Amino acid sequence: MKCRLCGAKKVNSDEMNTCRDCGFTMCSICMAKAGEIKQCPGCKKDMDSAYIKARQEKTLKELQSKAEKNPDNPKVLYDLGIVLYNIKNDEQKAIDLLKRSSELKKGYAAPLLSLVMLYQRKGDLKRAEEACKNILEADPKNHLAYYNLGIIYTQQRRLMDAAKSYAEALKINPKMPQAYNNLGNILVMGGKTKQAISAYENAVMLGHPRKDKLEKQIENLRKAHDGN
Ligand SMILES: [Zn+2]
Ligand SMILES: [Zn+2]
């Protein structure tokens with residue numbers, strides 16, 4: 001059996017959860033990392049919340065005992081940090097664990113990307129920016145780090161830097177509809193209508209979930225552009 005979310009293969013079926021309706025399999029760590037889940041990711045039917053809560057608590061205990069036995073295992077510390085944040089809302093402990101995890105394994109982007117998210121939620125944009133740059137130092141082709149930098153710079157009104165970051169992300173991975181959408185927004189603010197239209201068109205083409213809104217936006221921009 002293989003976890004459909006993280007791809008981990010677990011021999012122990014006790015650590016795997018299978019949906020009775022569609023057969024979707026998810027490991028217990030993914031289940032605990034997902035925080036509050038109400039529906040099966042496979043068939044979208046409501047799941048038994050009491051069962052999930054019990055499994056999550058069990059996984060948390062297992063991860064805590066693993067972390068005690070292996071205090072230098074970056075993967076265990078990363079998993080524990082996310083789970084503590086998701087099911088106990090323990091932000092500070094999560095940040096400490098994620099930091100330690102990233103220090104233990106140079107170039108391990110996963111805990112740093114989670115740190116970026118936590119700092120952004122706290123509104124600590126300076127630390128969020130630092131964490132993105134740490135990722136790029138070890139992994140200069142990390143499109144998610146560039147994408148998040150784009151968001152952070154936009155929040156700081158550093159629009160030129162934001163546009164550059166989105167462009168870098170898209171150079172590495174051209175299949176990011178959200179990055180095209182965000183880039184389009186910046187181009188509109190800068191009065192670059194033609195380029196904005198083309199960015200929005202790419203977002204639509206790549207299946208952006210708010211396709212209708214974007215198509216309307218493209219239409220309005222075209223009208224404004226032709227009117228000039
Ligand atoms: Zn998994
Ligand atoms: Zn299902």
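## Burial at Val-116

A residue counts as buried if 20 or more other C-beta atoms lie within 10 Å of its own. In this predicted model, Val-116 has 27 other C-beta atoms within 10 Å, so Val-116 is buried. Val-116 is found in helix 5.

Which residues does Val-116 touch, leaving aside those up to four places away in sequence? They are Ala-128, Ala-131, Cys-132 and Asn-148. Take Ala-128. It lies 12 residues from Val-116 in sequence. In space, the two C-alpha atoms are 4.6 Å apart.

## Helix 3 against helix 5

Two packed helices are described by the angle between their axes and the distance between the axes. Helix 3 covers residues 74-88, and helix 5 covers residues 109-122. They pack at an angle of about 25°, with their axes 10 Å apart. Angles under 35 degrees count as roughly parallel, and helix 3 and helix 5 are therefore roughly parallel to each other. Their crossing is left-handed.

Helix 3 brings Tyr-78, Gly-81, Ile-82 and Tyr-85 to the contact. Helix 5 meets them with Ala-110, Pro-111, Ser-114 and Leu-118. By class, this contact has 6 nonpolar residues, 2 polar ones and no charged ones.

## The whole chain

The protein chain has 11 helices and 2 strands. Along the sequence, the pattern is β-β-α-α-α-α-α-α-α-α-α-α-α. The C-alpha trace spans about 65 × 40 × 25 Å along its principal axes.

Of the 228 residues in the protein chain, 34% are buried. Among contacts with a separation of 6 or more, 36% are between residues 24 or more positions apart.

Technical notes
Residues are numbered from 1 along each chain as its sequence is written. Chains are lettered from A and ligands numbered from 1 in the order in which they are written. This is a predicted model: local features need pLDDT of at least 70, side-chain atom pairs count only at pLDDT 80 or more; totals for chains, interfaces and linings use all residues. Axes are lines fitted to C-alpha atoms, for helices over the stretch in contact, and angles run from 0 to 180 degrees between N-to-C directions. Helices (H or I, at least four residues) and strands (E, at least two) are DSSP runs, numbered from the N terminus. Angles under 35 degrees count as roughly parallel, over 145 as roughly antiparallel, 65 to 115 as roughly perpendicular and the rest as oblique. A crossing is left-handed if the near helix is turned anticlockwise from the far one by less than a right angle, and right-handed if clockwise. Two residues are in contact if their C-beta atoms, placed from the backbone, lie within 7 Å. Ala, Val, Leu, Ile, Met, Phe, Trp, Tyr, Cys and Pro count as nonpolar, Asp, Glu, Lys and Arg as charged, and the others, Gly among them, as polar. A residue is buried if 20 or more other C-beta atoms lie within 10 Å of its own, exposed if 12 or fewer, and partly exposed in between; C-beta atoms are placed from the backbone.
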